[in-house]
Amino acid sequence: MKSRFAALSLLLAATATPALAQLQKGEQASAEQVASGEVPAEKISEEERALRALPAGVTAPKWTRAAAMDLLTYITKANEEGLDPADYSPERLNAAIAAGDEAALSTTATDTFLRISSDLALGHVRGDARMDWHVHDQQDLNSTDQLALMQRAIANGTVHDSLNSLLPTHPQYAELKALLHTAKDKALLDKARTNLDRWRWLPRDLGARYVIVNVPAYTVALVEDGRVVARHKAVVGSPKTATPQLTATATGVILNPWWEVPASITPEVRGKKGYVSVKTPEGGVRYRQPPGASNALGRMKVVMPNNYAIYLHDTPSKAAFKRDARALSHGCIRTENPLDFAAALLANPEWDRAAIDKAIAGKKTVKADASIATPVYITYFTVAAKANAEGIISYPDIYGRDSKVITALNAQTGTTQVASK
């Protein structure tokens, strides 16, 4: 099958082949589509795989036998990262090393390095199997950095360390890796592999300060310097209105917010008391709910603009937090003890808890600015490792997403994408 690449024009083969002609004639996707996984991974032949592309004007670097052997050792142990060594064709690389053909070795080793480095940095599973995942971490490895990393690894004899430098830094990644060595139950191993790849879908380093929402765990946590400083129960989207996985930046909170009723649920509020109708430029009508005790957003909404209208907010329905299963919302994240969370998130002396309470009592809509913009990651992890290898915590796969991921991990088709510019 044809493989399509973006912004990559110089192929590793020096002469045209039928496979090369097919690649050159194929419709090209944008770099963003390739990196984000919108272009699905396709099964490709070994011949086409050897024609993997590099940035324009660049040829495959010359590989030493020692560097290629280091690479071979690494890919044969890819299972230590929850990956399948067969996806990186170790037999091809081994044969190229044994043949002693420098040109063939460079082509094969380069192809192998590009595939494994892309998977370590960006995740092996791409496209539809990620299911409503909208966190793009292509900044972790673009094609220019990928090439430079490979050239340094060959020159310095540091292939193994260079590849390891791409792995997620979050402690959960290392702890889940340790689980691979101790777990004997296949279902548990599959969960560990699935969630290891999900960590690779995120940015390698989440930052010194961030908010992380784990949908299956029904939790919201504020993390500073690797330490959880606040953890709150959450209500998340129901299976019919699932919460998407995304990243946004929190810059403040709205106290006593208005609720802009989404078009999808307008029929539910039309004609009800307590809503204000507003004419739209198109001649239609939208609805708003003013601040108050029954407002769907409660007394606080986090300012975190995103393309999916998903926010962290308060709720008047406090009883829901007493339930174990809390997949009940239309998609947004309802947060327990929201004013405590707001004070911690804002980290602004002008907006301590007393100031927040005073503003709430004033009943006017007020925007409180955070002292620092904080990234928010809405994630989907169905297993977590306890610290110091003390066991694991499994969470319900409330949206039924694990099976697609493990199926993609087990499908020995290879990764057809490299990092884009």
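Contact here means heavy atoms within 4.5 Å. By that criterion, in this predicted model, leucine 71 touches Trp63, Leu93, Ala109, Thr112, Phe113, Ile116, Val159 and Leu163, with residues up to four places away in sequence not counted.

**Chain and cores**

The chain holds 14 helices and 16 strands. Of its 421 residues, 51% are buried. Among contacts with a separation of 6 or more, 71% are between residues 24 or more positions apart.

Leucine 71 belongs to the largest nonpolar core, which has 98 residues; Trp63, Leu71 and Leu312 touch the most other members. Helix H6 supplies the largest share of this core, eight residues. A second, separate core has six residues, including Trp259, Val261, Val269 and Tyr287.

H6 runs over residues 102–122 and contains alanine 104. Alanine 104 counts as partly exposed because its relative accessibility is 31%.

**Helix H10**

Helix H10 covers residues 186–201. Its 16 residues, at 1.5 Å a residue, should span 22 Å, and the end C-alpha atoms are 23 Å apart, which agrees. At the start of H10, a side-chain oxygen of aspartate 185 comes within 3.3 Å of the backbone nitrogen of alanine 187.

How many of the 16 residues of H10 are buried? The count is 12, and H10 is described as mostly covered. The buried residues include Leu188, Asp190, Arg193, Asp197, Trp199 and Trp201. They pack against H6, helix H9 (171–182), E3, E15, E16 and H14.

**Aromatic pairs**

A pair of aromatic rings is described by the distance of the centres and the angle of the planes. The structure holds six aromatic pairs, and two of them are tabulated here.

| Pair | Centre to centre | Angle between planes | Class |
|---|---|---|---|
| Tyrosine 210 and tyrosine 377 | 6.0 Å | 75 degrees | edge-to-face |
| Tyrosine 380 and tyrosine 399 | 5.6 Å | 25 degrees | stacked |

Tyrosine 210 lies in strand E3 (residues 209–214) and tyrosine 377 in strand E14 (residues 366–379), so this pair ties together parts that are 167 residues apart in sequence. Tyrosine 210 is buried, with a relative accessible area of 5%. Tyrosine 377 also counts as buried, at 6% relative accessibility.

Why is the pair of tyrosine 380 and tyrosine 399 stacked? Planes under 30 degrees apart count as stacked, and the planes of these rings are at 25 degrees, so the pair falls in that class. The pair links distant parts of the chain, 19 residues apart: tyrosine 380 is in the loop between E14 and strand E15 (383–385), and tyrosine 399 is in the loop between strand E16 (392–394) and helix H14 (402–410). Tyrosine 380 counts as buried at 1% relative accessibility, and tyrosine 399 is buried with a relative accessible area of 12%.

**Charges over rings**

Elsewhere, the charged end of arginine 288 sits over the ring of tryptophan 258, 4.2 Å from the ring centre.

Methods: Residues are numbered from 1 along each chain as its sequence is written. This is a predicted model: local features need pLDDT of at least 70, side-chain atom pairs count only at pLDDT 80 or more; totals for chains, interfaces and linings use all residues. Side-chain values use heavy atoms; hydrogens and water are left out. Helices (H or I, at least four residues) and strands (E, at least two) are DSSP runs, numbered from the N terminus. Buried means under 20% relative accessible area, exposed over 50%, partly exposed in between (1.4 Å probe, protein chains only). Rings of Phe, Tyr and Trp (its six-membered ring) pair if their centres lie within 6.5 Å; planes under 30 degrees apart count as stacked, over 60 as edge-to-face and the rest as tilted. A charge sits over a ring if NZ of Lys or CZ of Arg is within 6 Å of the ring centre and within 35 degrees of the ring normal. The expected span of a helix is 1.5 Å times one less than its number of residues. A polar contact is a pair of N or O atoms within 3.5 Å; within protein, one must be able to donate a hydrogen and the other to accept it, and residues adjacent in sequence count only if both atoms are side-chain atoms. A nonpolar core is a set of buried Ala, Val, Leu, Ile, Met, Phe, Trp, Tyr and Cys residues joined through side-chain atoms within 4.5 Å.
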